[in-house]
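Trainee: I am new to this structure. Please show me how to read its side-chain contacts.

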Amino acid sequence: MSEEAVRPSPDLAGRAPWLETVRGTIARATAAAHLPHALLLHGIAGLGKASLAEWIARYALCDAPGEDACGACPSCQFYAADNHPDLLRVGVREDKKQIAIDDIRAMIGALSLSSYRGKRKVVVLQPADALNNNGANALLKTLEEPSGSALIVLVAERPERLPATIASRCQRIHLTPPDKATATEWLNGVAKPQDWSLPLTLSAGAPLAALALSAVPEVESEMAELPQILSRPNADIPGLAERCHKHFPAERFRCLEHWICERIRMGLTSPLPAEPSAAMVRRRHVQVLYRLLDEVRRARSMMLTSNAAVALLFEQVFIRLAQELVSLRSAPRRS
């Protein structure tokens, strides 16, 4: 299950050690009355962005915050009961692929009203990268002329899909994965202790994504073996694509993306061969991987924002990856 599948808990963010620095920054800004009117939380999936947004909302609304929201004031009680009058959540409706313009207009209307409790109004908008052009333009006007003490928290995995005009009007908070030791210690504290190396590798070090993968070991093992599976001459690509479509497609696309990114990193950071022809092959490899990464991201975006046939998207990506795996294996021999 992905971290976006259920309403995230602020308590998760409050316990995540890799979010401690961000929590401290928010606490100090709140105490000094310097909390900005808009925050943009972004980073790869599985770092707890959605939970952090909820933590920030609860903290900003709390009547007596310390290191965390007090949990006892009327505001915290409203939050716990999920009926805080000054908190609004905006997201993608179940029957939609993008955030509806009507929901953005409703949000703008709500922010134009005074706070019910005479304090701050908070909006959590996620995934912000699911805004269409109309919604983004409407939101931009609100960001340009923020109302009173309102706080808008945007959550995005792909911030590059947001118009630059919106991103530039937010204080950006880029979340990054913790080191392996920190991630492993946290995972062993919330789940049965095990070797987390493979799940963390497949999820680019994101603890929540690693935790989700460990719950479905067949997905974990299959994605780890994907390059070998696709390298076989008789690989059943349509069958594999169908399985990926039916079982945790978002997680599988993330694994693909992280696998390619790691290969790109290795190609860019390892020393170039002394032989000019071999160095040329290395550069071509990286170029091929970048093109493949674009295809994976485009396919994943289509899955999230359109009614595209997901099995067909997987099949197209797998065919391309299989071709490139053959090319990458054979190129050094030709050099």
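**Reading side-chain contacts**

Mentor: Start with Lys-121, which is buried, at 8% relative accessibility. Keep in mind that this is a predicted model.

Trainee: Which residue forms a salt bridge with Lys-121?

Mentor: Asp-86 does, with the closest N and O atoms 3.6 Å apart. Lys-121 sits in the loop between H5 and E3, while Asp-86 sits in the loop between H4 and strand E2 (87-90). The two are 35 residues apart, so the pair links distant parts of the chain.

Trainee: Is Asp-86 buried or exposed?

Mentor: Asp-86 counts as buried, because its relative accessibility is 3% and the cut-off for buried is under 20%.

Trainee: How many salt bridges are there?

Mentor: The count comes to 18. Take Asp-63 and Lys-119, whose side chains meet at 2.9 Å, N to O. Asp-63 is in the loop between helix H3 (49-61) and helix H4 (74-80). Lys-119 is in the loop between helix H5 (101-111) and strand E3 (122-125), 56 residues apart from Asp-63.

Trainee: What is the relative accessibility of Asp-63, and what is that of Lys-119?

Mentor: Asp-63 has 27% and counts as partly exposed. Lys-119 has 47% and is partly exposed too.

Trainee: Where do Arg-254 and Glu-157 lie?

Mentor: Arg-254 lies in helix H14, and Glu-157 in the loop between strand E4 (151-156) and helix H7 (164-167). They are 97 residues apart in sequence, so their pair ties together separate parts. Their salt bridge spans 3.9 Å, N to O. Both Arg-254 and Glu-157 are buried. Salt bridges can also share partners: Asp-11, Arg-58 and Asp-68 are joined into one network this way.

Trainee: Now the rings. What describes a pair of aromatic rings?

Mentor: Two things: the distance of the centres and the angle of the planes. A search of the whole structure finds four aromatic pairs. One of them is Phe-253 with Phe-314, stacked at 4.1 Å centre to centre, with 10 degrees between the planes.

Trainee: Why does this pair tie together parts of the chain?

Mentor: Because Phe-253 lies in helix H14 (residues 249-269) and Phe-314 in helix H16 (residues 310-334), 61 residues apart in sequence. Phe-253 is buried at 0% relative accessibility. Phe-314 is buried, also with 0%.

Trainee: How is the pair of Phe-314 and Phe-318 arranged?

Mentor: That pair is tilted, at 5.7 Å centre to centre and 35 degrees between the planes. Both residues lie in helix H16, four residues apart, about one turn of the helix. Phe-318 is buried, with a relative accessible area of 0%. Together, Phe-253, Phe-314 and Phe-318 form one aromatic cluster.

Notes:
Residues numbered from 1 in each chain as written. Predicted model: local features only at pLDDT ≥ 70, side-chain atom pairs only at ≥ 80, totals over all residues. Heavy atoms only, no water. Phe/Tyr/Trp six-rings, centres within 6.5 Å; stacked < 30°, edge-to-face > 60°. Buried < 20%, exposed > 50% of the residue type's maximum accessible area, 1.4 Å probe, protein only. Salt bridge = Lys/Arg side-chain N within 4 Å of Asp/Glu carboxyl O.
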